[in-house]
Amino acid sequence: MSLWMIIPVSLPVFTITGIWVVYAIALYNQHVCPVHNWLYNESCAEQLPLQTGPVLCCTPDNIPLISKCGSLPPESCFFSLICSTGSFLVMLIGLLHYAHVIEKHRNCVLNTASLSTGWICAAGLIMVGNFQVDFAKVLHYVGAGVAFPSSMLFVCLQSALTYRLAKTREESWIGHVRVGMTLLALIALVLSAVFFCQESFTLQHTSAIFEWIYCMLIMLFYGTFAFEFGGMSGDTLMVLSRGGGVHSFPTSEHKTEVGGGSSHHQPESLSIL
């Protein structure tokens, strides 16, 4: 096992824990209503942060969407930190996995497309975290419109890439796990988007729950890269230093062929001499 596997594991551990901490702070400051609350009103006599008592009056502005939980200070500061750090880890994991595929196999369209979509997702995530929905709604929604579809496309491409490169039973098993997580994430994303557009407060609250499920599934998907990163070495960085092209790092099969060809050619030259 390699210590490189700590990198993909740290992403879900940090981000999932972080967004739940943001939710807890927002709930403590009464900036959002709890997830178990299903009763909403068109308007309230007092804003939620000013209310007291065991029963709170909630409006659609208090639905605990992830972005809404990180909209107001002080939780918005932690939300920006989590999204920015998560974006960096997404880019790092994507780049290292891209090089690892070239090192162990060879480059392909799926590998390059996965790297591109992962980095696009990271760019959208930075916008989501640093442009709060209550103060920069257009930029926030642009970031969300980039991050959500690109993250879904990323896991689809990675699932297909895993099956294409699988040579052992363990690699096939990882492929099954990733496909299962991808299907669940797709269902959660579609339901979240559909319910978010509805006028029913109950359906909008349901949308928030599916949004939470989707984000956690995506982060856990990145955690499965620990399987590949466990066999990573310093040779992976050599791939990046050589430009990461299709033939930048010869595979083990190619090395064997080159070695066999050389040993066969040498006696033929000696016989001529």
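In which sense, left-handed or right-handed, does helix 5 pass helix 7 in a crossing? Keep that in mind for the last stop. The model on screen is predicted.

**Stop 1: helix 1**

Select residues 6–28. This is helix 1, with 23 residues. From first C-alpha to last it reaches 32 Å, close to the 33 Å expected at 1.5 Å a residue. Step one place past the helix end and look at Gln 30, which follows helix 1 and has a positive phi, near 55 degrees.

Now color the buried residues of helix 1. They are Ile 7, Pro 8, Leu 11, Pro 12, Thr 15, Ile 16, Gly 18, Ile 19, Val 22, Tyr 23 and Ala 26. Then show what covers them. The cover includes helix 2 (66–69), helix 3 (75–104), helix 7 (201–223) and helix 8 (226–229).

**Stop 2: Thr 15**

Zoom in on Thr 15, in helix 1. Is Thr 15 buried or exposed? Its relative accessible area is 7%, under the 20% cut-off, so Thr 15 counts as buried. Display its neighbors. Leaving aside residues up to four places away in sequence, Thr 15 touches Ile 82, Gly 86 and Met 219.

**Stop 3: helix 1 against helix 7**

From helix 1, pick Pro 8, Leu 11, Pro 12, Thr 15, Ile 16, Ile 19, Trp 20 and Tyr 23. From helix 7, pick Trp 212, Met 216, Met 219, Leu 220, Tyr 222 and Gly 223. By class, this contact of helix 1 with helix 7 has 12 nonpolar residues, two polar and no charged ones.

**Stop 4: helix 5 against helix 7**

Keep helix 7 and select residues 137–165, which form helix 5. The axes of helix 5 and helix 7 come within 11 Å and cross at roughly 40 degrees. That angle makes helix 5 oblique to helix 7. Here is the reply to the opening question: helix 5 passes helix 7 in a left-handed crossing.

On the helix 5 side, the contact is made by Phe 148, Ser 151, Met 152, Phe 154, Val 155, Gln 158 and Ser 159. Helix 7 supplies Glu 211, Tyr 214, Cys 215, Ile 218, Phe 221 and Tyr 222. Color by class: the contact of helix 5 with helix 7 has nine nonpolar residues, three polar and one charged.

Key: Residues are numbered from 1 along each chain as its sequence is written. This is a predicted model: local features need pLDDT of at least 70, side-chain atom pairs count only at pLDDT 80 or more; totals for chains, interfaces and linings use all residues. Side-chain values use heavy atoms; hydrogens and water are left out. Helices (H or I, at least four residues) and strands (E, at least two) are DSSP runs, numbered from the N terminus. The expected span of a helix is 1.5 Å times one less than its number of residues. Buried means under 20% relative accessible area, exposed over 50%, partly exposed in between (1.4 Å probe, protein chains only). Contact means heavy atoms within 4.5 Å. Ala, Val, Leu, Ile, Met, Phe, Trp, Tyr, Cys and Pro count as nonpolar, Asp, Glu, Lys and Arg as charged, and the others, Gly among them, as polar. Axes are lines fitted to C-alpha atoms, for helices over the stretch in contact, and angles run from 0 to 180 degrees between N-to-C directions. Angles under 35 degrees count as roughly parallel, over 145 as roughly antiparallel, 65 to 115 as roughly perpendicular and the rest as oblique. A crossing is left-handed if the near helix is turned anticlockwise from the far one by less than a right angle, and right-handed if clockwise.
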